[in-house]
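Trainee: I'd like to take a close look at one part of this model, if you have a minute. Could you walk me through it slowly?

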Amino acid sequence: MKYYLIAGEASGDLHASNLMRSLKKQDTDAEFRFFGGDLMQSVGGTLVKHYRDMAYMGFIPVLLHLRTIFRNMDLCKSDILEWKPDVLILIDYPGFNLKIAEYVKKHTDIPVYYYISPKIWAWKEYRIKNIKRDIDKMLSILPFEIEFYRKHDYPISYVGNPSVDSVTEYLVNHPADRNAFLKDNGLTDKPIVAILAGSRKQEIKDNLTRMMEVTRSFPDYQFVVAGAPGISKEYYAQYIDSGTNIVYSQTYRLLQHSVAAMVTSGTATLETALFGVPQVVCYYMSAGKLVSFLRKFLLKVKYISLVNLITGEETVKELVADGMTASNLKHEFAAILPEGTKRERMLKGYSDLKRILGNPGASEKAAEIIVRSLKGE
């Protein structure tokens with residue numbers, strides 16, 4: 001069968017690539033065409049548009065790139081119509097994907113499946129009307145979404161979480177070798193702290209600048225930045241101190257050898273927790289006081305990090321908007337270091353998180369549901 005997939009950012013590229021591998025096991029004749037990234041391309045098929053040419057975040061960047069965004073949408077619509085896939089599989093990225101779903105549902109009889117639900121439980125709950133109209137099957141990776149969709153009379157399937165798959169597979173196939181990691185990346189023997197400052201330029205600029213202020217107060221640790229795909233060392237150099245190391249394509253390896261982390265909210269917070277690395281979640285926003293005020297009225301949830309949303313409590317500390325200051329970060333970071341006052345409680349919370357998420361196998365379960373459904377089984 002022919003599968004058309006759309007992923008608009010790095011995390012979507014990762015999870016889509018794992019899904020594609022599982023689909024190939026279920027369907028040996030699987031053909032792929034997609035908007036995505038390098039990981040999806042490594043599985044096979046035709047890359048139509050790379051996500052780095054699509055990922056715009058924030059009102060101003062989106063406004064400035066509206067023409068490009070609309071061109072990408074037109075390209076995607078026409079490409080789907082021309083290729084005539086057996087199914088369209090959308091991965092997160094709701095601003096783009098829901099528009100494509102609406103078009104495809106209106107103009108074709110191609111079934112539309114969604115893997116990794118849009119976070120409408122956080123805000124824009126009104127999108128449930130579009131989802132019920134345009135999405136044939138929703139495959140969820142967050143257990144609390146089941147109840148949310150149930151109240152809207154829209155049944156979905158929880159398939160497990162792909163981050164559990166990715167981290168488990170990595171740890172099984174990559175036994176820890178700290179000396180090799182240090183040697184390969186020119187690092188010292190000091191304890192390592194991972195800095196995951198996001199995947200987009202604006203969020204890297206905003207968060208990394210404040211993270212760097214904190215690092216100067218902890219000379220006994222070495223801070224290593226996980227370089228985002230498509231972001232050059234020259235860009236990072238504007239915001240990091242000289243001597244701060246950057247590693248590319250080694251985020252899991254970095255987390256494997258880190259004693260703590262500062263992480264911009266997103267999938268990275270969940271991955272960090274699954275590696276058992278205590279963390280502070282950081283998300284700076286300009287006009288922070290205004291954002292914090294509006295957040296009370298716009299957001300439907302108490303937390304922003306996946307870790308806290310899944311456990312239902314403040315397992316990790318979130319510093320958001322005007323709360324994301326160097327002073328606050330320094331205080332919270334010190335508390336999660338070895339001998340810190342919050343470290344053990346956080347690690348216990350991580351155990352609860354893993355229990356709630358369940359066993360590995362999300363990609364395999366999702367692929368099985370997709371293939372069996374398309375076959376009418």
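How do the axes of helix 8 and helix 13 cross, and within what distance do they come?

Mentor: Happy to, and keep in mind as we go that this is a predicted model. Start by finding the two helices: helix 8 covers residues 162-173, and helix 13 covers residues 267-274. Their axes come within 10 Å and cross at roughly 45°. An angle like that makes helix 8 oblique to helix 13. As for the hand of the crossing, helix 8 and helix 13 cross in a right-handed way.

Now zoom in on who touches whom. Helix 8 brings Ser163, Val164 and Val167 to the contact, while helix 13 brings Thr267, Leu270, Glu271 and Leu274. Sort the residues of this contact by class and you get 4 nonpolar, 2 polar and 1 charged. There's a handy rule to keep beside that list: an α-helix has 3.6 residues a turn, so residues three or four places apart point the same way.

With 14 residues at 1.5 Å a residue, helix 5 should span 20 Å, and its end C-alpha atoms are 19 Å apart, so the two agree. Helix 5 also has a set of buried residues: Pro94, Phe96, Asn97, Leu98, Ile100, Ala101 and Val104.

Next, the loops. Thr244 sits in the loop between helix 11 (233-237) and strand 10 (245-248). Its relative accessibility is 18%, so Thr244 counts as buried, the cut-off being under 20%. If you skip its neighbours within four places in sequence, Thr244 has Met212, Phe223 and Val225 as contacts.

Ser249 is not a glycine, yet its phi is positive, at about 55°. With 77% relative accessibility, Ser249 counts as exposed.

Ala321 is another residue to check. Look for it in the loop between strand 13 (317-320) and helix 16 (326-336). Ala321 isn't a glycine either, and its phi is positive, near 55°.

Technical notes
Residues numbered from 1 in each chain as written. Predicted model: local features only at pLDDT ≥ 70, side-chain atom pairs only at ≥ 80, totals over all residues. Heavy atoms only, no water. Helix = DSSP H or I, 4+ residues; strand = E, 2+ residues; numbered from the N terminus. Expected span 1.5 Å × (residues − 1). Buried < 20%, exposed > 50% of the residue type's maximum accessible area, 1.4 Å probe, protein only. Axes fitted to C-alpha atoms, helices over the stretch in contact; angles between N-to-C directions. Parallel < 35°, antiparallel > 145°, perpendicular 65-115°, else oblique. Left-handed = near helix turned anticlockwise from the far one by under 90°. Contact = heavy atoms within 4.5 Å. Nonpolar A, V, L, I, M, F, W, Y, C, P; charged D, E, K, R; others polar.
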